[in-house]
Amino acid sequence: MTTTTRSERPAGPARLNWRTRLRRDKSLLLMTVPAVVLLLVFNYVPLFGVVTAFQEYDPLDGVRHSEWVGFDQFQQLFNDPAFWAALKNTLYLSFVQLVLFFPIPIVLALLLNSVVSERIRNFFQSVVYLPHFFSWVLAVTIFQQMLGGAGVLNQFLRQHDLGTWDIMTNPHTFALLVTSQVVWKEAGWGIIVFLAALSAINSELYEAAAADGAGRFRRMWHITLPGLRGVIVLMLVLRLGNALSVGFEQFLIQRNAVGHDAADVLDTFSFYYGIASGGYSYGAAAGLFKSAISLLLIWGANRLAHAFGEDGLYRK
């Protein structure tokens, strides 16, 4: 019996140095350059403007020469009833959208995944994806043409002497209106991640369950939903982290129709009471507060995901 010495053992793959890896992945790295540049220019460079939240910023003096006021802007912000009203609206609208919108992409993904015909599945995917590429101006215009005072619905009601239905200008139903707009525009795009997760589930599990006599509902409950659980938790964490961003353009367009009491959220508050009125530092303080709370929300949601044994944003 012969023994293999250490020098005779097959060597593992050689570890490449960074220059070799750079030459090997040059094409892939060049493809990421535009995205990295956009991220730096529009997400990281503007972070230097956060300092204006602690100043009495004057565009003529610039950041370097504007008066430093410390936390005075935040003190004024927390004493402003309009700010608390905007925060209340933001949390309420975010909760409504979380409850009514978040499950819909999951349900649509399950329905599309159950369609046998690939041609029909691709057709419905295209139909539900399409509204995502519309601007909010066009999306709100379509809703106005359908549900507005002179829209199709109210014209039909007038022709049959049924009165009219005030939808587009009713502040009491505004939360349901904007949620339905989000569902129509973004639900189709939201199913992409869930469809990808469904395609990763081993089809042999369904075949074994069917052989054991499990029906479609039991297969979905015991195989599909557990297979989607990690992705659902991840998307929920991201959704909670983005809870205070409920849609600037959407609310800006409809603010005059329903009134600022119903449509003002933190983003529109920062715009109207900050930039539009010349209070740049005041708007920056509101934006910084929103970012800090969003960071705490996503951190807390991620810790909760880890507590339930899920990966969340990263594997612990």
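Entry 1. I began with R255 and D264, whose side chains form a salt bridge with an N to O distance of 2.8 Å. I use the term for a side-chain nitrogen of Lys or Arg within 4 Å of a carboxyl oxygen of Asp or Glu.

Entry 2. I noted the basis of these values: the model is predicted, local features need pLDDT of at least 70, side-chain atom pairs count only at pLDDT 80 or more, and totals for chains, interfaces and linings use all residues. Residues are numbered from 1 along each chain as its sequence is written, and side-chain values use heavy atoms, with hydrogens and water left out.

Entry 3. I then looked up accessibility, where buried means under 20% relative accessible area, exposed over 50%, and partly exposed in between (1.4 Å probe, protein chains only). R255 is buried at 12%, and D264 is buried at 5%.

Entry 4. I turned to D267 and K290, which form a salt bridge with their closest N and O atoms 2.6 Å apart. D267 belongs to helix 15 (residues 266–275) and K290 to helix 16 (residues 280–307), so the pair ties together parts 23 residues apart in sequence. Helices here are DSSP runs (H or I, at least four residues), numbered from the N terminus. D267 is buried at 18% relative accessibility, and K290 is buried at 14%.

Entry 5. I also recorded the salt bridge between the side chains of R24 and D25, at 3.1 Å from N to O. R24 is exposed at 53%, whereas D25 is partly exposed at 24%.

Entry 6. For the total, I found four salt bridges in the structure.

Definitions and conventions. Helices (H or I, at least four residues) and strands (E, at least two) are DSSP runs, numbered from the N terminus.
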